[in-house]
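This report describes pockets and aromatic ring pairs. The sequence and structure are shown first.

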Amino acid sequence: MTQNSNKELNNKDLKKVFLLNFSNEGAWDHARGNNLGFAIALIPALKKIYANEPEKYKDALFRHTNEFFNTAMQPIPFIQGMILSMEEENAKSADYDVSMITGIKTALIGPAAGIFDAIFLNTIRIIGTAVGTGFALQGNPLGILVFLLIFNIPNFYCKYKGAFLGYNLGAKFIDSALESGLMEKFRYATSIIAMMVFGSMTCEWVYLNVTLSFGVGEAEQTLQSILDSVAPNILNLGLLWLCWWLIFKKKVNNVVLVLLMFVVSLGCAYFGILGA
């Protein structure tokens, strides 16, 4: 097991991770989420971990700035703590499998978003709003402060403690998981979870409706209804894979792809191929 004396990072380093997360959503895009904010918060710690290995530092920084990452704000420092403990293992080993780092991130973003959004956005925020509004309706300016305190005290506490908990738990978990073979099983499970998350996101966020129809009268059917009867949302999935192929295989720029889809969508809508 990894002992505390063997760890590269100290409390000051983990506090920096917490503080740098205040700008986590300063850069966000649909292609990779808030990956840049995630990576920026790791930079000081990664520099310390890979002080004598500049190539591994470059590889880690490239990895975290190019992988998709998007989840609730509160558990991000916890995930970062776990990631940093894994980066330490990578620094100590010449044959460490860095895909496990990606696997951990992929596995945690979905469940973390569901749990912490429900707690903070759907519960604590609503309670804070109700209490703060009660003060505000009475003309008390403290209503705003009450809302901010009710939401942000547990919000900041969760973020602050999360960085330390994730880092300390991560090293122990990784050591025992590697020894028992659990890590390989976990990586396989995360790949399944990732596919489930991507599938649900495709169904929820991608919309494509083909209005072309066949037959006449009561026998008339749209191409969309025929395809949905075979495999619901098959066109949505096909569009997703087409975009993936264009971006990763043909190296089409994201902005170019968005403009291309905009033009094609307008043209198909004008000729009655696509509709609402």
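## Pockets and aromatic pairs

By class, 13 nonpolar, nine polar and four charged residues make up the lining of the second largest pocket. Here Ala, Val, Leu, Ile, Met, Phe, Trp, Tyr, Cys and Pro count as nonpolar, Asp, Glu, Lys and Arg as charged, and the others, Gly among them, as polar. The model is predicted: local features need pLDDT of at least 70, side-chain atom pairs count only at pLDDT 80 or more, and totals for chains, interfaces and linings use all residues. Residues are numbered from 1 along each chain as its sequence is written, and side-chain values use heavy atoms, with hydrogens and water left out.

The second largest pocket has a volume of about 510 Å³. A pocket is an open set of points on a 1 Å grid over the protein atoms alone, where a 1.4 Å probe fits, with protein on both sides within 12 Å along at least five of seven lines; lining residues have an atom within 4 Å of a point. A volume is the space filled by probe spheres set on the points, which are joined across faces, edges and corners. Of the 26 lining residues, Glu25, Asn70, Thr71, Ala72 and Met73 are the closest to the centre of this second pocket. Two or more lining residues come from each of H5, helix H6 (142-180) and H7, and H5 gives the largest share, six residues. Helices are DSSP runs (H or I, at least four residues), numbered from the N terminus.

The largest pocket holds about 2100 Å³ of space. Its lining has 50 residues, with His30, Leu240, Cys243, Trp244 and Ile247 nearest the centre. This lining divides into 31 nonpolar, 13 polar and six charged residues.

The structure also holds ten aromatic pairs. Rings of Phe, Tyr and Trp (its six-membered ring) pair if their centres lie within 6.5 Å; planes under 30 degrees apart count as stacked, over 60 as edge-to-face and the rest as tilted. Two of the pairs are set out below.

| Pair | Centre distance | Plane angle | Class |
|---|---|---|---|
| Phe22 and Phe156 | 5.3 Å | 45° | tilted |
| Phe120 and Phe151 | 6.1 Å | 80° | edge-to-face |

Phe22 lies in the loop between helix H1 (11-20) and helix H2 (35-49) and Phe156 in helix H6, so their pair ties together parts 134 residues apart in sequence. Phe22 is exposed, at 52% relative accessible area, whereas Phe156 is partly exposed, at 33%. Buried means under 20%, exposed over 50% and partly exposed in between (1.4 Å probe, protein chains only). Phe120 is buried at 4%, and Phe151 is buried at 14%.
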